[in-house]
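Biologist: Please show me the structure, and then let us discuss how its parts are arranged.

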Amino acid sequence: MSHVSIATAGERAPARYQPSTKLGVTGFGFYVYLLSDAILFSALFATFAVLKTATDGGPTARDLFDLKNVGLETACLLTSSFVCGLAMQAAEARKPRELASLLGLVFALGVGFLGLEIREFGAMIAAGAGPDRSAFLSAFFALVGAHGLHITVGLIWIGFLLVHLTTMGLSESYHRRLFCFSLFWHVLDVVWIAIFTFVYLLGVQP
(Lines give C-alpha, C1' and ligand atoms only; values in the text may rest on other atoms or scores of the structure.)
Protein backbone atom coordinates (compact mmCIF):
# COMPACT_ATOMS: atom_id res chain seq x y z
CA MET A 1 0.00 0.00 0.00
CA SER A 2 2.78 2.40 0.87
CA HIS A 3 4.44 1.64 -2.45
CA VAL A 4 1.26 2.53 -4.28
CA SER A 5 0.90 5.74 -2.27
CA ILE A 6 4.45 6.78 -3.01
CA ALA A 7 4.01 6.06 -6.72
CA THR A 8 0.78 8.01 -6.77
CA ALA A 9 2.40 10.94 -5.03
CA GLY A 10 5.28 10.75 -7.47
CA GLU A 11 2.88 10.80 -10.37
CA ARG A 12 1.04 13.79 -9.02
CA ALA A 13 4.15 15.83 -8.23
CA PRO A 14 4.85 16.98 -11.80
CA ALA A 15 1.31 18.38 -12.05
CA ARG A 16 2.07 20.71 -9.14
CA TYR A 17 5.40 21.89 -10.43
CA GLN A 18 4.92 22.57 -14.11
CA PRO A 19 7.97 24.22 -15.73
CA SER A 20 7.56 27.79 -16.94
CA THR A 21 6.68 28.24 -20.58
CA LYS A 22 9.07 30.06 -22.90
CA LEU A 23 6.50 32.84 -23.25
CA GLY A 24 6.36 33.22 -19.48
CA VAL A 25 10.14 33.33 -19.12
CA THR A 26 10.51 35.74 -22.04
CA GLY A 27 7.70 37.92 -20.70
CA PHE A 28 9.31 38.09 -17.25
CA GLY A 29 12.67 39.02 -18.72
CA PHE A 30 11.09 41.71 -20.84
CA TYR A 31 9.22 43.12 -17.85
CA VAL A 32 12.62 43.51 -16.17
CA TYR A 33 13.86 45.43 -19.21
CA LEU A 34 10.76 47.64 -19.16
CA LEU A 35 11.41 48.36 -15.48
CA SER A 36 14.89 49.61 -16.37
CA ASP A 37 13.32 51.79 -19.07
CA ALA A 38 10.88 53.16 -16.49
CA ILE A 39 13.85 54.15 -14.31
CA LEU A 40 15.46 55.90 -17.29
CA PHE A 41 12.36 57.91 -18.12
CA SER A 42 11.74 58.69 -14.45
CA ALA A 43 15.21 60.23 -14.27
CA LEU A 44 14.57 62.25 -17.44
CA PHE A 45 11.21 63.47 -16.13
CA ALA A 46 12.80 64.47 -12.82
CA THR A 47 15.55 66.35 -14.64
CA PHE A 48 13.02 68.19 -16.77
CA ALA A 49 10.94 69.08 -13.69
CA VAL A 50 13.99 70.66 -12.06
CA LEU A 51 15.19 72.53 -15.17
CA LYS A 52 11.92 73.57 -16.84
CA THR A 53 12.28 77.17 -15.61
CA ALA A 54 16.02 77.40 -16.37
CA THR A 55 15.60 79.19 -19.69
CA ASP A 56 18.61 81.52 -19.32
CA GLY A 57 16.58 84.36 -20.83
CA GLY A 58 15.71 82.25 -23.86
CA PRO A 59 12.34 81.04 -25.15
CA THR A 60 10.00 79.30 -22.75
CA ALA A 61 7.62 76.41 -23.31
CA ARG A 62 4.78 78.84 -24.03
CA ASP A 63 6.87 80.45 -26.76
CA LEU A 64 7.79 77.17 -28.45
CA PHE A 65 5.15 74.50 -28.09
CA ASP A 66 2.49 74.06 -30.76
CA LEU A 67 -0.32 72.01 -29.25
CA LYS A 68 -1.91 71.36 -32.65
CA ASN A 69 1.23 69.56 -33.82
CA VAL A 70 1.53 67.72 -30.51
CA GLY A 71 -2.16 66.78 -30.73
CA LEU A 72 -1.55 65.15 -34.12
CA GLU A 73 1.42 63.26 -32.69
CA THR A 74 -0.73 62.05 -29.81
CA ALA A 75 -3.53 60.95 -32.15
CA CYS A 76 -1.05 58.96 -34.25
CA LEU A 77 0.45 57.19 -31.25
CA LEU A 78 -2.84 56.43 -29.47
CA THR A 79 -4.31 55.05 -32.69
CA SER A 80 -1.22 52.93 -33.30
CA SER A 81 -1.53 51.47 -29.81
CA PHE A 82 -5.15 50.49 -30.49
CA VAL A 83 -4.18 48.92 -33.83
CA CYS A 84 -1.36 47.04 -32.08
CA GLY A 85 -3.99 45.47 -29.83
CA LEU A 86 -5.96 44.40 -32.90
CA ALA A 87 -2.76 42.88 -34.32
CA MET A 88 -2.38 40.77 -31.19
CA GLN A 89 -5.95 39.51 -31.64
CA ALA A 90 -5.23 38.66 -35.29
CA ALA A 91 -2.18 36.67 -34.21
CA GLU A 92 -4.22 34.74 -31.63
CA ALA A 93 -6.81 33.99 -34.33
CA ARG A 94 -3.98 32.89 -36.66
CA LYS A 95 -4.80 35.35 -39.43
CA PRO A 96 -1.39 36.20 -40.91
CA ARG A 97 -2.64 38.48 -43.70
CA GLU A 98 -4.73 40.56 -41.31
CA LEU A 99 -1.81 40.64 -38.87
CA ALA A 100 0.58 41.86 -41.57
CA SER A 101 -1.84 44.62 -42.59
CA LEU A 102 -2.32 45.76 -39.00
CA LEU A 103 1.42 45.78 -38.29
CA GLY A 104 1.90 47.81 -41.47
CA LEU A 105 -0.65 50.32 -40.18
CA VAL A 106 1.13 50.51 -36.81
CA PHE A 107 4.36 51.17 -38.73
CA ALA A 108 2.76 53.92 -40.82
CA LEU A 109 1.30 55.64 -37.75
CA GLY A 110 4.65 55.38 -35.98
CA VAL A 111 6.41 56.96 -38.97
CA GLY A 112 3.77 59.72 -38.96
CA PHE A 113 4.42 60.38 -35.27
CA LEU A 114 8.18 60.42 -35.76
CA GLY A 115 7.93 62.71 -38.79
CA LEU A 116 5.87 65.24 -36.83
CA GLU A 117 8.34 65.12 -33.97
CA ILE A 118 11.34 65.61 -36.26
CA ARG A 119 9.55 68.56 -37.88
CA GLU A 120 8.96 70.06 -34.43
CA PHE A 121 12.61 69.62 -33.47
CA GLY A 122 13.77 71.09 -36.78
CA ALA A 123 11.59 74.17 -36.41
CA MET A 124 12.83 74.77 -32.87
CA ILE A 125 16.49 74.42 -33.83
CA ALA A 126 16.00 76.70 -36.86
CA ALA A 127 14.53 79.31 -34.51
CA GLY A 128 17.63 79.18 -32.31
CA ALA A 129 15.99 77.01 -29.64
CA GLY A 130 18.26 73.98 -29.86
CA PRO A 131 19.36 71.82 -26.93
CA ASP A 132 22.42 74.01 -26.37
CA ARG A 133 20.36 77.20 -25.84
CA SER A 134 19.37 76.56 -22.21
CA ALA A 135 19.13 73.91 -19.53
CA PHE A 136 15.36 73.79 -20.09
CA LEU A 137 15.81 72.94 -23.76
CA SER A 138 18.56 70.42 -23.00
CA ALA A 139 16.19 68.59 -20.64
CA PHE A 140 13.34 68.83 -23.14
CA PHE A 141 15.32 67.42 -26.06
CA ALA A 142 16.76 64.66 -23.86
CA LEU A 143 13.33 63.52 -22.62
CA VAL A 144 11.34 63.80 -25.85
CA GLY A 145 14.30 62.65 -27.95
CA ALA A 146 14.73 59.51 -25.81
CA HIS A 147 11.09 58.66 -26.44
CA GLY A 148 11.52 59.29 -30.17
CA LEU A 149 14.57 57.02 -30.19
CA HIS A 150 12.48 54.26 -28.62
CA ILE A 151 9.82 54.78 -31.32
CA THR A 152 12.55 54.38 -33.95
CA VAL A 153 13.62 51.08 -32.36
CA GLY A 154 9.97 50.00 -32.37
CA LEU A 155 9.67 50.73 -36.10
CA ILE A 156 12.77 48.63 -36.82
CA TRP A 157 11.26 45.88 -34.67
CA ILE A 158 8.06 45.95 -36.74
CA GLY A 159 10.18 45.51 -39.86
CA PHE A 160 11.76 42.36 -38.40
CA LEU A 161 8.33 41.07 -37.33
CA LEU A 162 6.99 41.47 -40.87
CA VAL A 163 10.01 39.69 -42.36
CA HIS A 164 9.66 36.89 -39.81
CA LEU A 165 5.94 36.57 -40.54
CA THR A 166 6.58 36.37 -44.29
CA THR A 167 9.39 33.83 -44.09
CA MET A 168 8.50 31.65 -41.09
CA GLY A 169 4.80 32.22 -40.43
CA LEU A 170 3.08 32.26 -37.05
CA SER A 171 5.57 30.14 -35.14
CA GLU A 172 5.82 29.95 -31.35
CA SER A 173 8.88 32.20 -31.37
CA TYR A 174 6.94 34.73 -33.44
CA HIS A 175 4.19 34.92 -30.82
CA ARG A 176 6.82 35.59 -28.12
CA ARG A 177 8.40 38.38 -30.14
CA LEU A 178 5.04 39.92 -30.98
CA PHE A 179 4.03 39.75 -27.31
CA CYS A 180 7.20 41.58 -26.25
CA PHE A 181 6.75 44.18 -28.99
CA SER A 182 3.18 44.80 -27.87
CA LEU A 183 4.35 45.42 -24.29
CA PHE A 184 7.08 47.75 -25.55
CA TRP A 185 4.75 49.77 -27.78
CA HIS A 186 2.02 50.16 -25.15
CA VAL A 187 4.58 51.37 -22.59
CA LEU A 188 5.79 53.99 -25.08
CA ASP A 189 2.19 55.09 -25.43
CA VAL A 190 1.90 55.54 -21.65
CA VAL A 191 5.19 57.46 -21.54
CA TRP A 192 3.97 59.76 -24.31
CA ILE A 193 0.75 60.50 -22.44
CA ALA A 194 2.91 61.58 -19.49
CA ILE A 195 5.06 63.75 -21.79
CA PHE A 196 1.99 65.27 -23.43
CA THR A 197 0.48 66.12 -20.03
CA PHE A 198 3.44 67.24 -17.95
CA VAL A 199 5.70 68.72 -20.63
CA TYR A 200 3.34 70.20 -23.21
CA LEU A 201 -0.02 70.85 -21.55
CA LEU A 202 1.40 72.12 -18.26
CA GLY A 203 4.23 73.86 -20.10
CA VAL A 204 1.91 76.24 -21.94
CA GLN A 205 -0.04 77.19 -18.82
CA PRO A 206 0.48 80.75 -17.54
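The questions and answers that follow concern this predicted model.

Biologist: At what angle do helix H5 and helix H6 pack, and how are they oriented to each other?

Modeller: Helix H5 covers residues 96–126 and helix H6 covers residues 135–168, and their axes lie 10 Å apart. The packing angle is about 155°. Angles over 145 degrees count as roughly antiparallel. H5 and H6 are therefore roughly antiparallel.

Biologist: What is the handedness of the crossing of H5 and H6, and how many nonpolar residues does their contact hold?

Modeller: The crossing of H5 and H6 is left-handed. In the contact of H5 with H6, 5 residues are polar and 2 are charged, while the nonpolar ones number 22.

Biologist: How are H6 and H7 oriented to each other?

Modeller: The axes of H6 and H7 come within 10 Å. They cross at roughly 155°, which makes H6 roughly antiparallel to H7.

Biologist: How many charged residues are in the contact of H6 with H7?

Modeller: The crossing of H6 and H7 is left-handed. Its contact residues divide into 22 nonpolar and 5 polar, and the charged count is 1.

Biologist: Why are H4 and H7 described by the orientation they have, and which orientation is it?

Modeller: Helix H4, residues 67–92, packs with H7 at an angle of about 160°, with the axes 10 Å apart. The cut-off for this class is an angle over 145 degrees. H4 and H7 are therefore roughly antiparallel.

Biologist: What does the contact of H4 with H7 contain by class, and how many of its residues are polar?

Modeller: The crossing of H4 and H7 is left-handed. By class, the contact of H4 with H7 has 18 nonpolar and 3 charged residues, and its polar residues number 7.

Biologist: Which residue forms a salt bridge with Asp56, and where does each partner lie?

Modeller: Side chains of opposite charge can pair when their charged atoms come close. The model has 2 salt bridges, and in the one formed by Asp56 the closest N and O atoms are 3.9 Å apart. Asp56 is in the loop between helix H2 (22–51) and H3, and its partner, 77 residues apart from it, is in the loop between H5 and H6. That partner is Arg133.

Notes:
Residues are numbered from 1 along each chain as its sequence is written. This is a predicted model: local features need pLDDT of at least 70, side-chain atom pairs count only at pLDDT 80 or more; totals for chains, interfaces and linings use all residues. Side-chain values use heavy atoms; hydrogens and water are left out. Axes are lines fitted to C-alpha atoms, for helices over the stretch in contact, and angles run from 0 to 180 degrees between N-to-C directions. Helices (H or I, at least four residues) and strands (E, at least two) are DSSP runs, numbered from the N terminus. Angles under 35 degrees count as roughly parallel, over 145 as roughly antiparallel, 65 to 115 as roughly perpendicular and the rest as oblique. A crossing is left-handed if the near helix is turned anticlockwise from the far one by less than a right angle, and right-handed if clockwise. Ala, Val, Leu, Ile, Met, Phe, Trp, Tyr, Cys and Pro count as nonpolar, Asp, Glu, Lys and Arg as charged, and the others, Gly among them, as polar. A salt bridge is a side-chain nitrogen of Lys or Arg within 4 Å of a carboxyl oxygen of Asp or Glu.
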